[in-house]
Amino acid sequence: MTIAFDHSYARDLPGTFLRVAPDPAPAPKLLFLNGPLAADLGLTLTEAEAESWFSGATLPAGADPIAQAYAGHQFGGFSPQLGDGRAHLLGEVVAPDGRRVDIQLKGSGKTPFSRGGDGKAAVGPMLREVLISEFMAAAGVPTTRALAVVATGEQVWRETKLPGAVLARIAASHIRVGTFQFFAARGDQANVRAMADYAIARHYPDLLYAENPYLAFLDAVIATQARLIAGWMGLGFIHGVMNTDNMAISGETIDYGPCAFMEAYAPGTVFSSIDHQGRYAYANQPLILGWNLARLAETLIPVLDPNHEKSIEIANDRLADIAPRYRAEWLAVMRRKLGLVGEDAGDAALSDDLMTAMEGADWTLTFRRLADEPALRPLFPDFAKMEAWLPRWRTRAGEGIAQRIAEANPAVIPRNHRVEEALTAATTGDMAPFNALLAAIQSPFAEAEPYMLPAPTGFGDYVTFCGT
Ligand code: AMP
Ligand code: MG
C-alpha cells in the first residue's frame, strides 16, 4: 500500500526539528503488528511492508523523517536540549475518522540530539511498551499506541549484549511540555507562539475562537492532564519518569520506560532504579502533575497577556485550579470504581477512607473483589478497617453493584512478574508467553486466572530501569 503521509508539523514549524533518516536495520524480523490499530488508521499493510518500513530497513514512499527538538526538567533539573535522540517522526496520517496521528520510529538510530546515546533500543523494552500501552488503551486511559515492533538483527549494548528492535509508535502528537520549554529557554517567543498556535489547531481547535486562545489552551491542557493522572491512579499505574519531556500536550500517556503497576497498595511505591528520592512515587504523581503544568504555564507567560505582571497573575490563577480539578477527576474515577451511581456528599470521605483501609492489599484485586467478601478477605493482611468500611459502602452502592464493579475494574493487569517472564522469553526468541499475556491484557475485564495472581513471594521488590 501507499501511506498517505502528511507533514503539518514540519510545514508549520520550521526551525523546531532536524531532518535525519533512520538507520537501516540489517535483518528485520517482525515481532508484533497491531492489526486492529492499523485498520482503525486505514492502513492495510502487509507484514512484509510493516517489517521493512517500521524497522527503518526501507522508507515508505512519502515519509520525510525528522527528529523533534525539546528540552525538559528531568527529576527537577533542567536540560535545555534533549530532543529525539533515538526517534524519527516519519510523518502524520489522517485516519478515516478524521483523527490526525504521528507515526514515529523509536530505537531507529542516532540523531543530532543523541548526546552520548547509541540511538538504539532493545527488544525487551520495546515489547514492554506494547504490553503496557495496549493495556492502557483497553482500560480506557488515553495513551500513545504501538503499531509494530521489529527486531533489527543488530545487537545493542546495555549491561549486556541484547537483540535490538524498533517500535513504531502512534501518537495524537509528540508535542511535550518540554517542547515549549525548548523555545522558552532560548527566549524564542515567536516559536513558543507558533507551537501554541499549532497545538491549539491540532488538539483543541474549538479554542481558536476563545477570547484568549492561549489561556484557554493552558486550561485545556490542565484539564486533560488532570484527567489522565486520575486515570493512572485508578489503575495503580506508576509512570516512573514524569519529566516534563515525557508529558504530552495531547493528554496521552507517553514514554513507557521504567513504569509499572503497583500490586499491594502503598502510597510511596517506586519501581524505578534511579528514583532514589521517590519523586515519582505513586502518591506523588498528582503533585508532579501540578509541578509540570507550572513549567508549561511559565513558557506561556509572554503570550498570555501583553502586560507581564498581569500575565503572571492570570497563570497563577489557573495553576491554583489544578489541585481541585485533579481531586474532582480522581473522585469521578473512584465513583466509577466503587460502582457509585450519581453523586453524594459523602463520596469523597468514603473514597479517602478506603485508601486508609486497603493499605497492604492488592490494588487491582481489592476493587475487583469488592462485592465478594469471601474472596476479598484473604487479600488483606488486616481486615479490621475494611470490616468497618464495607457496610458504609454497601449502603451507598445499592443494587446491581456486582456488575458495575466488574465493568469498572480490570481483572487482569500487566503484572510485573508476568511482564518479565514474557520479555525474557521474547529476548531469547520465544514469543509465546508474550502473545498469551498480550491477549489477556487486551481483554482486561475478563477473568483469566493465571494472569490475575500477584507476584509470588520471592519475586521480591521489583526494580525497573531507564536507559532502555
Ligand atoms: P527518556 O528517558 O526515554 O524519556 O529519554 C530522555 C532523553 O534521552 C530523550 O532526549 C531521548 O531521546 C534520549 N535517549 C534515551 N535513550 C537514548 C539512546 N539509547 N540513544 C540516544 N538518545 C537516547
Ligand atoms: Mg522521553
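Visitor: Is D255 buried or exposed?

Guide: One point before the reply: this is a predicted model. Buried means under 20% relative accessible area. D255 has a relative accessible area of 13%, so D255 is buried.

Visitor: Is R115 buried or exposed?

Guide: The cut-off for exposed is over 50% relative accessible area. R115 has 59%, so R115 is exposed.

Visitor: What does K106 touch?

Guide: Start with the place of K106, which is strand β7 (residues 100–106). Leaving out residues up to four places away in sequence, K106 touches R86, A87, M126, E129, A165, V166, L167, R169 and D255.

Visitor: Which residue makes a polar contact with the side chain of K106?

Guide: The side chain of E129 does, at 3.1 Å. K106 itself is buried, because its relative accessible area is 8%.

Visitor: How are two packed helices described?

Guide: Two numbers are used: the angle between the axes and the distance between the axes. Take helix α6 (residues 189–203) and helix α7 (residues 213–235): their axes come within 10 Å and cross at roughly 65°. The crossing of α6 past α7 is left-handed.

Visitor: Which residues of α6 and α7 meet?

Guide: From α6 come R193, A196, D197, A199 and I200, and from α7 come P213, Y214 and F217. Sorted by type, the residues of this contact are 6 nonpolar, no polar and 2 charged.

Visitor: At what angle do α16 and α17 pack?

Guide: Helix α16 (residues 416–427) and helix α17 (residues 432–442) pack at about 145°, and their axes are 7 Å apart. R418, V419, A422, L423 and A425 of α16 make the contact with P433, F434 and L437 of α17. This contact divides into 7 nonpolar residues, no polar and 1 charged.

Visitor: How far apart in space are P36 and L147?

Guide: Distance in sequence and distance in space are separate things to read. P36 and L147 are 111 residues apart in sequence and 9.2 Å apart in space, C-alpha to C-alpha. P36 belongs to helix α2 (residues 35–40) and is exposed, with a relative accessible area of 60%.

Visitor: And how far apart in space are F75 and L147?

Guide: F75 and L147 are 72 residues apart in sequence, but 30 Å apart in space, again C-alpha to C-alpha. F75 lies in the loop between β4 (72–74) and β5 (77–79), and its relative accessibility of 28% counts as partly exposed.

Visitor: Which residues is F75 in contact with?

Guide: With neighbours within four places in sequence left aside, F75 is in contact with G240, V241, N243, I274, D275, R279 and Y280.

Visitor: Into which domains is the protein divided?

Guide: Domain 1 covers 8–177, and domain 2 covers 332–361 + 371–408. The centres of domain 1 and domain 2, taken over C-alpha atoms, are separated by 40 Å.

How values were computed: Residues are numbered from 1 along each chain as its sequence is written. Chains are lettered from A and ligands numbered from 1 in the order in which they are written. This is a predicted model: local features need pLDDT of at least 70, side-chain atom pairs count only at pLDDT 80 or more; totals for chains, interfaces and linings use all residues. Side-chain values use heavy atoms; hydrogens and water are left out. Domain bounds come from an automatic or database domain assignment. Axes are lines fitted to C-alpha atoms, for helices over the stretch in contact, and angles run from 0 to 180 degrees between N-to-C directions. Helices (H or I, at least four residues) and strands (E, at least two) are DSSP runs, numbered from the N terminus. A crossing is left-handed if the near helix is turned anticlockwise from the far one by less than a right angle, and right-handed if clockwise. Contact means heavy atoms within 4.5 Å. Ala, Val, Leu, Ile, Met, Phe, Trp, Tyr, Cys and Pro count as nonpolar, Asp, Glu, Lys and Arg as charged, and the others, Gly among them, as polar. Buried means under 20% relative accessible area, exposed over 50%, partly exposed in between (1.4 Å probe, protein chains only). A polar contact is a pair of N or O atoms within 3.5 Å; within protein, one must be able to donate a hydrogen and the other to accept it, and residues adjacent in sequence count only if both atoms are side-chain atoms.
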